Amino acid sequence: MEHPTEKCRSCPAQVIWATTERGKTMPVDVEPGPGGNVQLVEQYGQLTAVVVPAHRAFGRKDLRMSHFVTCPQADQWRRR
Ligand SMILES: [Zn+2]
């Protein structure tokens with residue numbers, strides 16, 4: 001499944017913008033990997049970021065990390 005990517009506003013990384021279940025937009029890392037806990041689900045034509053509880057995310061390699069967590073400029077994100 002291909003998702004449109006966009007450059008992060010704070011660092012050179014490419015991110016996927018998704019909407020959380022609470023209706024907020026969230027940048028998600030493009031590459032899935034161990035330690036990730038975000039599953040991207042297409043719902044009604046909208047990309048939704050579903051956070052998987054830790055006990056269910058354990059050992060999976062198809063989940064992505066929130067770019068809020070991995071961005072080197074994450075401090076700027078939190079301050080906004
Ligand atoms: Zn970034």
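Mentor: Along the sequence, the residues that supply donors to the zinc ion are spaced C-x2-C-x55-H-x3-C. C8 sits in the loop between β1 and β2, while C71 sits in the loop between α2 (67-70) and α3, so this pair ties together parts that are 63 residues apart in sequence. The helices (H or I, at least four residues) and strands (E, at least two) are DSSP runs numbered from the N terminus.

The model is a predicted one, in which local features need pLDDT of at least 70 and side-chain atom pairs count only at pLDDT 80 or more, whereas totals for chains, interfaces and linings use all residues. Residues are numbered from 1 along each chain as its sequence is written, and side-chain values use heavy atoms, with hydrogens and water left out. The pLDDT, which is the predictor's confidence in each residue from 0 to 100, has a mean of 90 over the protein chain, with 94% of the residues at 70 or more. Confidence is highest in β2, at a mean of 96, and lowest in helix α3 (residues 74-79), at 71.

At the metal itself, C8 (SG), C11 (SG), H67 (NE2) and C71 (SG) coordinate the zinc ion at 2.0 to 2.3 Å. Donors here are N, O and S atoms within 2.8 Å of the metal (3.2 Å for Na, K and Ca), and water is not among the atoms, so sites may look incomplete. The angles among the 4 donor atoms run from 100 to 117°, and the site is tetrahedral, a label given to four donors if all angles lie between 85 and 135 degrees. C8 counts as buried because its relative accessible area is 2%, and C71 is likewise buried, at 4%; the word applies under 20% relative accessible area, with over 50% called exposed and values in between partly exposed (1.4 Å probe, protein chains only). A search of the whole structure finds 0 disulfides, a disulfide being a pair of cysteine sulfur atoms within 2.5 Å.

Elsewhere, L63 lies in the loop between α1 (54-57) and α2 and is buried, at 0%. Leaving aside residues up to four places away in sequence, L63 touches P32, G33, G36, N37, V38, Q39, V52 and A57, contact meaning heavy atoms within 4.5 Å.

Methods: Tetrahedral: all angles 85-135°; square planar, octahedral: opposite > 155°, others 65-115°.
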